[in-house]
Amino acid sequence: MNIGEGRFSYRRNEHGTYDSICMRCFRTVARRYTENDLREDERAHICEYWLIPSSNGDNSQNV
Ligand SMILES: [Zn+2]
């Protein structure tokens with residue numbers, strides 16, 4: 001399973017850390033030094049759908 005693929009966006013910080021941002025709920029789910037560490041937090045991340053303005057009621061992305 002490629003959990004992070006397409007779902008999380010990585011951003012490099014000045015201090016050499018990476019932010020992982022969830023592309024579904026747009027929350028920063030992790031800030032780590034390596035992408036491997038980011039994956040741990042991504043796995044534990046649960047989208048807070050209730051914070052997202054509902055669009056079309058599409059539940060096909062349900063995990
Ligand atoms: Zn999310």
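D19 stands opposite R31 in β3. Strands here are DSSP runs of E with at least two residues, and helices are runs of H or I with at least four; both are numbered from the N terminus. The model is predicted: local features need pLDDT of at least 70, side-chain atom pairs count only at pLDDT 80 or more, and totals for chains, interfaces and linings use all residues. Residues are numbered from 1 along each chain as its sequence is written.

The chain holds 1 helix and 3 strands. Their order along the sequence is β-β-β-α. Of the 63 residues in the chain, 10% are buried. Burial is set by C-beta atoms placed from the backbone: a residue is buried if 20 or more other C-beta atoms lie within 10 Å of its own, exposed if 12 or fewer, and partly exposed in between. Contacts were also examined by sequence separation. Two residues are in contact if their C-beta atoms, placed from the backbone, lie within 7 Å. Among contacts between residues at least 6 apart in sequence, 20% join residues at least 24 apart.

β2 and β3 form an antiparallel pair with 4 bridges. Pairing requires that DSSP finds at least two bridges between two strands. β2 spans 18-22 and β3 spans 28-32. The hairpin of these two strands has 5 residues between them.

The loop between β2 and β3 includes C25 and F26. F26 is not a glycine, yet its phi is positive, at about 60 degrees. F26 counts as exposed because it has 12 C-beta neighbours inside 10 Å. C25 has 15 C-beta neighbours inside 10 Å and therefore counts as partly exposed.

C25 and E48 are 23 residues apart in sequence, and their C-alpha atoms are 6.3 Å apart in space. F26 and C47 are separated by 21 residues along the chain and by 8.8 Å from C-alpha to C-alpha.
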